[in-house]
Amino acid sequence: MIVILLIFLCAPWLVLSNTSEEEIGEFFKSGHTNNWAVLVDTSRFWFNYRHVANVLSIYRSVKRLGIPDSHIILMVADDMACNPRNPRPATVFNNANQHINVYGDDVEVDYRGYEVTVENFIRVLTGRLPPSTPRSKHLLSDERSNILVYMTGHGGDGFLKFQDAEEVSNVELADAFEQMWQKRRYHELFFMVDTCQAQSMFQRFYSPNILAVASSHVGEDSLSHHVDPALGVYVIDRYTFYALEFLEKAKPGSKKTMGQFLKVCPKYQCISTVAVRTDLFQRDPNQVLLTDFFGSVRNVEILLNTLALPNITLTSDTCSKSSCGNEEVSSRSLKYADQFPMPV
Amino acid sequence: MAATMKRILSVLFIYTSTTLNLNIYAEVVDDFKEELFIKPLPSGHVYFHFQFTTTWEADFENPKSFEHYRLFPKSLGHVLTTYKVQELHLSQTQGLWRHDKWGYPVSSAPPGAELWVWFQPSIKSLDDTWSELVNAVSGHFCTSLNFLDSKSTAAPRWSFRPHGVASDGYSSFSKFVRYGALPREIVCTENLTPWKKLLPCNTKVGFGTLFKAIKLYDANYHSLGLDVRPVCRDSDCKRTSIELSQSLSVVFDPSVKNNEHQDWSLKKILGDVLSSRCPLASSSKIFVDTTSNIPKSIFTLSPDPDSVETITRGGEKRQYAVYDVGLQTAGGRVLNLGAKYDNPVQHNDIIPPPIYAQRYITGYGLEQGGVTCLIYNNLDTNLTVIYMETLPWFTRFYFKSLTIVNQNKQIHPYKVHYIPGKDRSRSYHLELVFRLRANSVTKISYKFERAFLKWTEYPPDANHGFYINSAVISTVLPTASNYTSTPQSSSSIETSFQDKSENFFLRIHTETLLVSLPTPDFSMPYNVICLACTVVAIAFGSIHNLTTRRFVKLDPSKKRGLLAKIKAMFIKQKNTKSDETSEKETDKEDEKEKDE
């Protein structure tokens with residue numbers, strides 16, 4: 001009663017502030033309720049250290065901004081952290097000054113080593129996995145999920161190489177995304193690719209609600225950033241380095257927009273030209289929050305109707321303190337198995 | 001107005017209270033112990049073994065006991081009930097345990113991943129359940145155990161008997177057990193993370209705070225172990241409990257960075273000190289093996305131990321310094337347990353343990369090869385051993401080449417269990433039981449043939465080679481020299497202090513082997529195209545010329561020199577030009593005629 005009185009007293013003030021807030025609210029409204037991320041590194045061997053550092057940097061950002069491990073599918077084709085050539089075991093750095101260990105203390109890799117294949121990747125996206133696959137390897141998205149798909153490795157005009165043994169073509173990828181759309185497995189999808197001639201990977205997309213960015217145009221190579229003399233290999237690619245710089249400044253409640261993210265890494269920094277595809281995306285990227293794809297900010301729908309839940313009292317199926325201890329007691333003594341079944 | 005109404009409604013919280021009368025008073029009785037066993041090794045290394053034992057008074061056969069969980073992790077319990085598992089043993093190891101220098105570990109593990117499971121007798125379709133279980137465990141622990149299919153799984157007959165309570169009729173049936181190993185499997189932080197999450201106190205308090213991946217993986221040997229088995233609930237053993245034993249074994253070398261001094265401390269090696277004790281644990285203790293301090297003190301421990309236990313096990317005298325973590329960390333103190341050595345490490349001959357083995361590949365070339373295993377017996381008595389080998393199908397084993405030799409005398413095994421492999425469907429499984437002579441070396445050797453794989457069966461890094469699982473040697477020792485395992489009744493280290501048995505079961509794993517198979521050159525298609533096109537261009541061009549060229553007879557008397565030939569060329573040209581002009585004139589005349 002008192003609460004209602006107070007609200008009526010403050011009503012005029014509330015109305016005034018409400019309209020401007022609501023306008024801003026409409027501006028940034030997104031229809032998604034959960035976030036998923038599929039992060040793929042397709043390269044094997046020590047000299048491709050930078051691709052593993054790329055994907056782990058994005059993994060770290062995505063986790064920091066709120067997406068939990070259960071909603072991230074991380075595919076890493078080779079082990080760099082515990083590689084015998086790594087002078088600092090259990091660490092992967094994306095910078096020669098070795099400030100941040102992107103491998104972290106609580107990483108969970110879902111597909112590792114030989115499991116990173118084109119077949120597994122397409123099956124994860126389309127959901128056509130065998131029934132015995134564990135839950136952590138499934139992409140359990142629904143029609144209100146925003147999915148971030150990040151791929152890095154070696155690529156060419158129209159294909160991306162998986163582990164030096166097979167390729168995924170842009171046509172296959174476009175068809176996989178169309179399958180996802182028809183099965184209502186995503187609400188909006190953000191596709192990021194950091195390879196050579198990366199633009200070719202999203203040229204064939206034809207499903208709605210996809211926003212795509214690539215680190216180079218067709219005919220251009222994406223370049224790596226710098227060498228770590230302690231490791232002897234390049235540690236990060238240019239586009240991901242500058243993208244990470246941008247993401248490190250974002251916090252979970254950040255109001256940065258996707259439009260700002262798409263402008264990351266101009267030509268003088270990246271040397272290759274960043275390509276963007278927005279024609280399939282219905283909203284204006286300048287009005288889409290960064291955390292719509294990289295974080296896990298959830299919109300909660302408030303129901304205005306009451307639900308009547310049944311009053312359940314569990315019957316005598318349960319046991320009480322006295323009756324619970326009655327298990328079957330074997331009449332004869334049990335014993336340990338003989339570990340060495342031969343005469344000594 | 002509508003906006004304010006919405007606002008009012010959203011401010012007024014709607015409570016829906018459910019009234020569920022929960023009369024469940026299921027008693028969940030479980031006990032958790034955390035222990036750390038530290039043993040300085042004579043080679044200058046230090047062996048740390050973290051042991052977390054959860055004993056839960058529940059019965060595997062009773063599905064109701066798996067409805068309520070307290071300290072036992074629910075995710076693991078779910079896996080056990082869904083796949084009707086009675087015993088599960090998983091180990092993930094990085095590095096090789098050097099038996100000759102370090103003695104015996106508390107639990108032996110081969111490099112890579114190894115999983116062996118005993119299923120409940122009520123199970124149907126065991127092979128399907130095994131493939132599903134393997135997938136579930138792989139997702140749980142972030143390993144690629146899903147590669148353990150029928151090609152790499154075996155059912156050992158004598159080597160991997162149940163470690164827990166089991167009836168004789170059940171344990172002699174090897175149809176309930178499945179064994180698989182992946183020697184290539186990498187162990188890194190992503191395997192430590194889910195393993196840590198199963199601990200009741202996680203990494204917040206207690207020994208979990210010492211788990212820093214950067215230090216744990218910078219070691220000579222690192223092994224994560226998970227064992228679930230039924231144990232006797234009490235001494236009459238009328239009922240069973242489920243025991244979950246999680247172990248982390250690490251071997252560090254402190255003398256490398258310390259100018260040859262073996263001084264170690266928790267802060268230096270693990271990166272942190274102990275400042276708390278897990279409140280859910282009934283016992284939280286550290287045991288340091290100070291047997292090497294008898295008779296002369298080599299190192300001094302700081303701080304002073306809470307108690308020193310001297311025990312005799314299997315005829316060997318041992319001394320342990322015991323620290324109670326609760327007492328040491330009470331009142332806000334921290335425990336930085338360390339040892340200081342007076343002298344630098346002496347690299348003398350180390351007395352090897354009673355039994356150890358060494359295995360290697362012999363032969364040359366890519367067609368055939370051989371494997372030899374040397375088993376050293378340093379005891380004064382003969383010993384019976386069970387030797388188990390699992391070979392992949394592409395290294396085709398020649399059974400008649402198998403020989404066991406001891407001091408130039410052939411030894412015939414008492415029992416042999418051999419299942420030959422089948423290409424692309426089953427691996428070779430061999431188990432031998434034979435006797436080792438006292439104080440001697442026994443050599444087992446056999447030959448194999450390397451198969452040609454189809455080009456799609458090669459892994460992406462085919463030139464690395466293919467791995468062969470380690471061999472498993474099981475025996476019973478009459479003495480506890482170098483022996484650190486716990487008795488069969490419990491995995492808790494403290495129980496080994498009261499162990500009065502006279503026979504000690506030992507299992508050791510040998511090295512894994514790396515075999516090169518004949519590998520095609522995968523850059524071949526490019527080379528083939530270049531070569532084929534060159535051959536076609538040269539060969540086809542020549543043949544075309546030969547077949548279509550017309551040969552004109554030349555008069556040999558009209559030999560012409562070079563100048564004459566050049567003149568002839570110019571004359572030819574003039575002739576053709578004049579022909580052309582005459583043609584043009586005739587054309588023009590024709591045209592003129594037409595016009596007219």
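# Notebook: a predicted two-chain model

**Entry 1, Val107(A).** I began with the surroundings of Val107(A) and, leaving aside its neighbours within four places in sequence, I found it in contact with Leu56(A), Tyr59(A) and Leu74(A), and also with Thr189(B), Glu190(B) and Thr193(B). I note at the outset that this is a predicted model. I placed Val107(A) in the loop of chain A between β2 (72-76) and β3 (111-112), and at 1% relative accessibility it counts as buried. I also looked up its distance to Leu314(A), which is 207 residues away along the chain, and the two C-alpha atoms are separated by 41 Å.

I counted nine helices and twelve strands in chain A, and of its 344 residues 54% count as buried. Its accessible surface comes to about 16100 Å², with 55% of that belonging to carbon and sulfur atoms.

Over all chains the structure holds 29 salt bridges, and I looked at several of them one by one. Asp237(A) pairs with Arg50(A), with the closest N and O atoms 3.3 Å apart. Asp237(A) lies in strand β11 (residues 233-237) and Arg50(A) in helix α2 (residues 49-64), both of chain A, so this pair ties together parts that are 187 residues apart in sequence. Asp237(A) is buried, with a relative accessible area of 5%, and Arg50(A) is buried with 14%.

I then turned to Lys63(A) and Asp69(A), whose side chains meet in a salt bridge at 2.8 Å, N to O. Lys63(A) is partly exposed at a relative accessible area of 22%, whereas Asp69(A), at 19% relative accessibility, counts as buried, since the cut-off for buried is under 20%. A further salt bridge joins the side chains of Asp292(A) and Arg283(A) at 3.1 Å, N to O, and both of these residues are buried.

Chain B is divided into domain 1 (30-351) and domain 2 (355-471), and I found their C-alpha centres 29 Å apart. In the contact between them, 19 residues of domain 1 of chain B meet 22 residues of domain 2 of chain B. The two domains of chain B bury about 1700 Å² between them, 58% of it on carbon and sulfur atoms. On the side of domain 1 of chain B, the residues that lose the most area to domain 2 of chain B are Lys151(B), Trp158(B) and Arg184(B), together 39% of what that side buries.

Which charged pair does Arg184(B) form? I found Arg184(B) in a salt bridge with Asp461(B), the closest N and O atoms being 3.2 Å apart. The count between domain 1 of chain B and domain 2 of chain B is one salt bridge. Arg184(B) and Asp461(B) are also linked with Arg44(A) in a network of salt bridges.

I looked up two cis peptide bonds in chain B. One runs from Ile294(B) to Pro295(B), with omega near -5°, and Pro295(B) sits in the loop between β10 (283-289) and β11 (299-302) of chain B. The other joins Ser302(B) and Pro303(B), with omega about 0°, and Pro303(B) is in the loop between β11 and β12 (307-313) of chain B.

I also noted positive phi values in residues other than glycine. Gln197(A) has a phi of about 50° and is found in the loop between β8 (188-194) and α5 (199-202) of chain A. For Gln407(B) phi is near 50°; Gln407(B) lies in the loop between β18 (395-406) and β19 (409-410) of chain B and is exposed, with a relative accessible area of 52%.

I ended with Leu562(B), Ile566(B) and Phe570(B), which form a nonpolar patch on the surface with about 340 Å² of accessible area together. Leu562(B) is in helix α11 (residues 562-595) of chain B and is exposed at a relative accessible area of 64%.

Notes: Residues numbered from 1 in each chain as written. Chains lettered and ligands numbered in written order. Predicted model: local features only at pLDDT ≥ 70, side-chain atom pairs only at ≥ 80, totals over all residues. Heavy atoms only, no water. Patch = residues over 30% accessible without salt bridge, like charges linked within 9 Å, V, L, I, M, F, W, Y side chains within 5 Å. Areas by Shrake-Rupley, 256 points an atom, 1.4 Å probe, with all protein chains shown as cover. Salt bridge = Lys/Arg side-chain N within 4 Å of Asp/Glu carboxyl O. Helix = DSSP H or I, 4+ residues; strand = E, 2+ residues; numbered from the N terminus. Buried < 20%, exposed > 50% of the residue type's maximum accessible area, 1.4 Å probe, protein only. Domains from an automatic or database assignment. Contact = heavy atoms within 4.5 Å. Buried area = accessible area lost by both parts, 1.4 Å probe.
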